[in-house]
Amino acid sequence: MKPLHICLILLAVLSSGLIPTQAQDLSRVGSTKISDQIPMEWISASNLENFSASSQRLLNATEVGQPRKARFVYLVPSDKQVRDDYKVALFDLALYLRDKYQKELGNDLTFLPQVEVYQTDHTADWYRSHVNGGSSAWFLNNALGEGFRYSGGYFGDPNNRWNFFIDADPACGQGIGANGVPPNGGWAVLSANDLRGLTGKQNVPQCAGDPPDNAGIYRWIGGAGHELGHTWDLPHPPGCGSGGEYGGCTGGATAYFSWMYAGYYFFPGTYFLAEDKQKLLTDSIDSPFFQPIDLRSPARLDFDDDRISDPVIWNVGAGVWQVYKSSTATITSFQWGANGDELVPNDYDGDGQTDFSVWRPSDSTWYIFQSTDSTIVGVTFGTASDIPVPRDYDGDLRADIAVWRPSSAVWYVYRSGTNITTAFQFGTTGDIPIPADFDGDKRNDYAIFRPSENAWYIYKSYLNSFDMVTFGLSGDELVPQDFDGDSKADIAVWRPSDGNWYVLGSAVGFYSTHFGSSGDLPVPADYDGDAKTDLSVWRPSTATFWILGSSAGLQVVSLGQSSDVPVAFHAR
Ligand SMILES: [Ca+2]
Ligand SMILES: [Ca+2]
Ligand SMILES: [Ca+2]
Ligand SMILES: [Ca+2]
Ligand SMILES: [Zn+2]
């Protein structure tokens, strides 16, 4: 489905000539494009000294020995508000690029991102109109000067790559873009259209008559990643931009559709050329930015941090959790919560280990026992009739406190990466929320099951569209998990009446397996640690877990007593 979709876009764009021959942020002089690779001649130290001489640095961020970072800086002119949606979008952008660079570079190598916000003391109009060097470079010089002043950055900063996003529009003919040429490069300046694009808003043509750019959020993420590449002095491929077939790229279609040329437009469906990867990984200035970072999502219900799910039951009356630890095959008990609480176990502090945690409807408070430092966190969030749906929605590898409100079908998510709460309506009253990462981008997706239609509706945030799949019957237990190990959750149900698992595997297609029987409760998780969810049930009559390990085979674990509840079942 997806490859076909992309092919259609390619054909449409190529035939109509709409595909840009250079990067998205190429600005225009009349109808003539300026390269996004900003020549250093445009910039001079004196242009910046105008600001740094008269202003103090507000932050000293760059110290020798600090980990090197890619900095994503949101600059807010004095006549603009700091916007939460822009903050969230820049955070998303930074993590999407971090993840994509890791995929491209391999060996877990990627950069460390940091997102920051500064309100400046100049108006949006000042950036385009304040005389500062050549008129094409006014906007750049003004934004760079202010960006460096607030962030503490500078030309050729060995410890940071600076990506400034200013909520202001350049005038027609003024350039934006990046420079990575040593010793004075290492920066990019992007503008209000990027912030609009990253939040799915209509862009404002820089010059009268410019066509609108409606390619969607991914295209703007790809564009910013292309500029980030320029901050490391990655060039456009040879020949590209000279015109003709595939933009004149010497490397033909392969070069043309690479990330450092038109490929940004198809993010995440693009790639670095071998020479780009080679430069990032071996260049003495670039390579220190790329360190191995473990970006694997924590395992579900893993209380001993071995990335293997542990069977867990909860005694409703006493509030006692019993965990069968996979690492030692021993049972540990912990009292947390009380009768009436909802179990919301997840990794809230991001150490890879599941935290004992409950949500108490009576006071709408989340009580989380953090595994990192054994501190107790209480967060009031939601109302008594909400359904708790904690997941990692923003991709920072920490679960976000979240509820779905049945009366309005609004998802309220307290995003751990930005501490910003977002509200998004998806579904309708009577639906059942079933969030999971269906598309495999490491962010959980809003999704609901509609019992009246036996339909799964899955929202695809960056495409602003949804998938609908009819699957399952009324009375089925909904168990969206990654059964086939492709890192995408599969649409799946367990049917109590016949003990069958029906799985629409995103990699392997439909299959069904009989495991368990009427009276059991499904408790799917990855109990043998092969990154595939295992078919598994808890049998109350005998207080046993029956686990069909996808690699390890059948495992039977006795735990607790008949009146207990299995935590996996209630973890929604
Ligand atoms: Ca474990
Ligand atoms: Ca998170
Ligand atoms: Ca996702
Ligand atoms: Ca498994
Ligand atoms: Zn470029």
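Helices and strands are DSSP runs numbered from the N terminus, a helix being a run of H or I of at least four residues and a strand a run of E of at least two, and the expected span of a helix is 1.5 Å times one less than its number of residues. This is a predicted model, in which local features need pLDDT of at least 70 and side-chain atom pairs count only at pLDDT 80 or more, while totals for chains, interfaces and linings use all residues. Residues are numbered from 1 along each chain as its sequence is written, and chains are lettered from A, with ligands numbered from 1, in the order in which they are written.

The protein chain contains 10 helices and 33 strands. A residue counts as buried if 20 or more other C-beta atoms lie within 10 Å of its own, as exposed if 12 or fewer do, and as partly exposed in between, with C-beta atoms placed from the backbone; by this rule, 43% of the 572 residues are buried. Two residues are in contact if their C-beta atoms, placed from the backbone, lie within 7 Å, and among contacts between residues at least 6 apart in sequence, 48% join residues at least 24 apart.

Helix α3 has 22 residues and reaches 31 Å from its first C-alpha to its last, close to the 32 Å expected at 1.5 Å a residue, and the helix is followed by G106, whose phi is positive, near 75°. Helix α7, with 15 residues, reaches 21 Å between its first and last C-alpha, close to the expected 21 Å. Because 15 of the 15 residues of α7 are buried, this helix is largely enclosed by the rest of the structure, and D233, which follows α7, has a positive phi near 65°.

The next topic is the nonpolar core, defined as a set of buried Ala, Val, Leu, Ile, Met, Phe, Trp, Tyr and Cys residues joined through C-beta atoms within 7 Å. The largest core has 71 residues, of which L90, L93, A143, F164, F165, V189 and I221 touch the most other members. The elements that give two or more residues to this core include α3 (84-105), α5 (138-151), β6 (160-166) and α7 (217-231), and the largest share, 11 residues, comes from α3. A second, separate core of 57 residues includes Y393, I401, W404 and I458.

Strands of a sheet pair through backbone hydrogen bonds, either parallel or antiparallel, and two strands are taken to pair here if DSSP finds at least two bridges between them. One open sheet has 4 strands in the order β13-β14-β15-β16, with antiparallel pairing, and its edge strands, β13 and β16 (376-380), each pair on one side only. Strand β14 (residues 356-360) is mostly covered, since 4 of its 5 residues are buried. Within β14, W359 stands opposite E342, and the bridge partner of W359 in β15 is W366. Strands β14 and β15 form a hairpin with 4 residues between them, where S364 in the turn has a positive phi of about 50°. Further across the sheet, β15 and β16 pair over 5 bridges, with Y367 having G378 in β16 as its bridge partner.

Another open sheet has 4 strands in the order β21-β22-β23-β24, also paired in the antiparallel sense. Here β21 (432-433) and β24 (465-470) stand at the edges, each with a single partner strand, so one side of each is left without a neighbour in the sheet.
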